[in-house]
Amino acid sequence: MEYEFLLKEIIEELGANYREGTEEIITNLLKRTYSIAIDCSKLTKKEERLYPYIKEAVISKYNRLGAEGMNSKSEGSQSHSFFDIEEKMRKDIISANLRRVL
């Protein structure tokens with residue numbers, strides 16, 4: 001896989017949040033997110049400047065698994081608000097001037 005190193009970095013960053021046996025799930029999230037980032041930016045697949053945005057989005061998606069479709073979630077005394085992860089990534093890529101205009 002061309003982004004194997006990204007997979008390893010994501011698993012390392014997840015730390016205690018990483019659940020054994022979910023590598024395939026992360027790989028699928030990574031493939032989809034990678035494709036969206038390339039589509040949005042119109043850059044080549046080997047564009048390393050996109051990697052931080054891709055990693056952040058994949059980690060957010062992974063941590064949100066099981067809460068799809070929810071706007072917020074409360075557990076105990078903690079409350080979490082959700083945002084559109086892909087939309088945020090698109091906006092971040094554009095605001096960082098990483099979008100190539102054809």
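Tutor: A contact here means heavy atoms within 4.5 Å.

Student: What does tyrosine 53 touch, not counting residues up to four places away in sequence?

Tutor: Tyrosine 53 touches Met89, Asp92, Ile93, Ala96 and Leu98. This is a predicted model, in which local features need pLDDT of at least 70 and side-chain atom pairs count only at pLDDT 80 or more, while totals for chains, interfaces and linings use all residues. Residues are numbered from 1 along each chain as its sequence is written, and side-chain values use heavy atoms, with hydrogens and water left out.

Student: Where does tyrosine 53 lie?

Tutor: In helix 3. Helices (H or I, at least four residues) and strands (E, at least two) are DSSP runs, numbered from the N terminus.

Student: OK, step back. What is the order of elements along the sequence?

Tutor: The pattern reads α-α-α-β-β-α, from four helices and two strands. Of the 102 residues, 34% count as buried. Among contacts between residues at least 6 apart in sequence, 62% join residues at least 24 apart.

Student: Back to helix 3. Which of its residues are buried?

Tutor: Tyr51, Ile54, Lys55, Ala57, Val58, Ile59, Lys61 and Tyr62. Their cover includes helix 1 (4-14), helix 2 (23-41) and helix 4 (85-95).

Student: And what should helix 3 span?

Tutor: The expected span of a helix is 1.5 Å times one less than its number of residues. For the 13 residues of helix 3 (residues 51-63) that gives 18 Å, and the end C-alpha atoms are 18 Å apart, which agrees.

Student: Which residues touch the most other members of the largest nonpolar core?

Tutor: Ile26, Leu30, Leu50 and Ile54, in a core of 26 residues. Helix 1, helix 2, helix 3 and helix 4 are the elements that give two or more residues to this core. Helix 2 gives the most, with eight residues. A nonpolar core is a set of buried Ala, Val, Leu, Ile, Met, Phe, Trp, Tyr and Cys residues joined through side-chain atoms within 4.5 Å.

Student: What is leucine 50 in contact with, leaving aside neighbours within four places in sequence?

Tutor: Leucine 50 is in contact with Ala37, Ile38, Ser41, Leu43, Ile93 and Leu98.

Student: New topic: how many aromatic pairs are there?

Tutor: Two. In one of them, the rings of tyrosine 34 and tyrosine 51 have centres 6.4 Å apart and planes at 35 degrees, so the pair is tilted. Tyrosine 34 is in helix 2 and tyrosine 51 in helix 3, so the pair ties together parts 17 residues apart in sequence. Rings of Phe, Tyr and Trp (its six-membered ring) pair if their centres lie within 6.5 Å; planes under 30 degrees apart count as stacked, over 60 as edge-to-face and the rest as tilted.

Student: Which residues do ring pairs link into a cluster?

Tutor: Phe5, Tyr34 and Tyr51. Both tyrosine 34 and tyrosine 51 are buried.

Student: What about threonine 33 in helix 2: why does it count as buried or exposed?

Tutor: Threonine 33 counts as buried because its relative accessibility is 1%. Its side chain reaches the backbone oxygen of leucine 29 at 2.7 Å. Leaving aside neighbours within four places in sequence, threonine 33 is in contact with Ile54, Ala57, Val58, Lys61 and Met89.

Key. Buried means under 20% relative accessible area, exposed over 50%, partly exposed in between (1.4 Å probe, protein chains only). A polar contact is a pair of N or O atoms within 3.5 Å; within protein, one must be able to donate a hydrogen and the other to accept it, and residues adjacent in sequence count only if both atoms are side-chain atoms.
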